[in-house]
Amino acid sequence: MNKQGSLIAVVLALLLLLLGLAFFWQPVPAPLGHTERALPGGDFTVDSAQGPVSLHDYAGKLTVLYFGYTYCPDICPTSLNATAEAMQQLTPAELAQLGVLFVSVDPQRDTPARLAEYVRFFHPQMVGATASPATIAEIASRYGVFYARQDVATAGDGYVVDHSAETFLLGRDGRVLERWPHGTSPAAIVDRLRHAF
Amino acid sequence: MKKLAFFVLTLSLSAAALAGAADQVSVDQPYVRLAPPNAPATGAFMRLRNSSEQDVKLLKASNPASRVTELHTHLNDNGVMKMRPVANIEIKAKGEAVLQPGGLHVMLIDLKTPLKEGDVVPVTLSFDDGSEKTVDAPVMRSMAGGMPKMQHGH
């Protein structure tokens with residue numbers, strides 16, 4: 001092959017690569033707005049300081065759902081801060097169509113009263129709740145949420161809880177619409193909520 | 001006499017080494033995240049820049065506000081965030097290490113008294129050459145974007 005020929009071959013190969021990338025490249029993690037049909041999700045009832053809260057109480061609204069725990073040193077505050085900042089950017093009319101629920105996967109330490117004080121720190125409209133360990137385990141399994149206690153000598157009361165750090169967006173019918181990875185920015189959250197409203 | 005000269009040389013060399021990393025590493029935007037009520041711990045975040053030709057390791061941090069101070073990171077294991085202590089935080093030659101929510105951070109564990117917005121926590125950083133540096137980290141509400149909003153005023 002002459003020099004020109006090999007140059008053309010290289011250019012063609014690069015063009016093919018570009019085309020391939022344009023068609024098949026999926027940014028990692030999965031793009032926002034990715035539909036979660038595989039998750040059963042569904043209704044559940046947990047205990048808040050104001051009494052029992054069920055997902056169906058939010059029927060007709062969008063619900064942002066997060067599983068965490070109040071002793072969580074970094075991940076939960078980061079996620080909840082992002083959600084709270086997004087909420088601050090919504091109009092009152094939009095906020096009225098939104099429920100935000102923080103479910104503790106650490107019912108041994110998180111009482112409804114403690115949870116209420118915790119979520120109020122982030123946004124007055126957030127609701128904190130938990131349930132018996134068996135109920136939490138059952139709900140978590142339906143939402144594909146993993147959590148596991150890890151003993152750490154220096155942690156408060158001796159343990160931390162590794163847990164899924166995704167935020168769920170549930171539709172007006174309670175179905176899982178999207179899962180947002182940890183680190184999703186407030187602007188992206190606002191964008192996704194407005195898209196769903 | 002030769003011995004003394006050698007001693008002085010050694011001493012001045014070690015003094016230079018002591019001044020080393022702490023002088024070569026600059027710390028930008030240090031802050032302590034305002035912890036939610038009853039939180040037993042919170043994180044200190046900052047950007048460490050190493051202007052020297054050698055890699056520097058941050059071995060330890062300490063502060064007067066908490067009983068325990070540890071260096072931590074987070075591992076994202078399929079969406080599950082796992083916080084784990086690390087032995088050190090490396091700052092590459094001419095590089096930087098970013099301590100931010102969801103990643104590397106200094107963990108202030110078992111706070112002696114709850115910290116308020118506006119408090120300032122002096123955080124002492126100890127490097128692998130024995131040098132130390134103390135930075136004043138103001139307590140502020142964390143901004144989820146990583147660095148606090150206040151710092152984006154440009």
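This is a predicted model: local features need pLDDT of at least 70, side-chain atom pairs count only at pLDDT 80 or more; totals for chains, interfaces and linings use all residues.

User: What is the mean pLDDT of chain A?
Analyst: The mean is 87, and 84% of the residues of chain A reach 70 or more.

User: How many helices and strands does chain A have?
Analyst: Chain A has six helices and nine strands. Helices (H or I, at least four residues) and strands (E, at least two) are DSSP runs, numbered from the N terminus. Of the 197 residues in chain A, 40% are buried. A residue is buried if 20 or more other C-beta atoms lie within 10 Å of its own, exposed if 12 or fewer, and partly exposed in between, with C-beta atoms placed from the backbone.

User: And what is the pattern of chain B?
Analyst: Along the sequence chain B reads α-β-β-β-β-β-β-β-β-β-β, that is, one helix and 10 strands. Buried residues account for 34% of its 154 residues. Among contacts in chain B between residues at least 6 apart in sequence, 68% join residues at least 24 apart; for chain A the corresponding figure is 67%.

User: Let us look inside chain A. Why is E5(A) described as largely enclosed?
Analyst: Five of the five residues of E5(A) are buried, so the rest of the structure largely encloses this strand. A:Met126, A:Gly128 and A:Thr130 point one way from E5(A), whereas A:Val127 and A:Ala129 point the other way.

User: Which way does E5(A) run against E1(A), antiparallel or parallel?
Analyst: The two run antiparallel and are joined by two bridges; strands pair if DSSP finds at least two bridges between them. A:Ser48 has A:Ala129 of E5(A) as its bridge partner. E4(A), by contrast, pairs with E5(A) in the parallel sense over four bridges, and there A:Leu101 is the bridge partner of A:Val127. From E4(A) the chain crosses through H4(A) to E5(A), a right-handed β-α-β crossover. Right-handed means that, with the strands pointing away from the viewer, the path from the first strand over the helix to the second runs clockwise.

User: What do the buried residues of that helix, H4(A), pack against?
Analyst: They pack against strand E1 (45-48), helix H2 (75-89), strand E4 (98-104) and strand E5 (126-130) of chain A. The buried residues of H4 (residues 112-122) include A:Leu115, A:Tyr118, A:Val119 and A:Phe122.

User: How many residues are in the largest nonpolar core?
Analyst: It has 48 residues, and A:Leu101, A:Val119, A:Val127 and A:Ala129 are among those with the most contacts inside it. The largest share of this core, seven residues, comes from H2(A). Another core lies apart from it, with 32 residues, among them B:Ala44, B:Leu115, B:Val121 and B:Leu125. A nonpolar core is a set of buried Ala, Val, Leu, Ile, Met, Phe, Trp, Tyr and Cys residues joined through C-beta atoms within 7 Å.

User: Changing topic: how many residues does each chain give to the contact?
Analyst: Chain B gives 25 residues and chain A gives 28. On the side of chain B, strands E2 (41-50), E4 (66-77), E5 (80-85) and E8 (105-111) are the elements that give two or more residues. Strand E7 (residues 159-164) of chain A pairs with E5(B) in the antiparallel sense over two bridges, and A:Ser164 has B:Val80 as its bridge partner.

User: One last residue. Why does B:Ala35 count as buried?
Analyst: B:Ala35 counts as buried because it has 20 C-beta neighbours inside 10 Å. B:Ala35 lies in the loop between strand E1 (25-33) and E2 of chain B. Leaving aside neighbours within four places in sequence, B:Ala35 is in contact with B:Thr42 and B:Leu115.

Definitions and conventions:
Residues are numbered from 1 along each chain as its sequence is written. Chains are lettered from A and ligands numbered from 1 in the order in which they are written. Two residues are in contact if their C-beta atoms, placed from the backbone, lie within 7 Å. pLDDT is the predictor's confidence in each residue, from 0 to 100.
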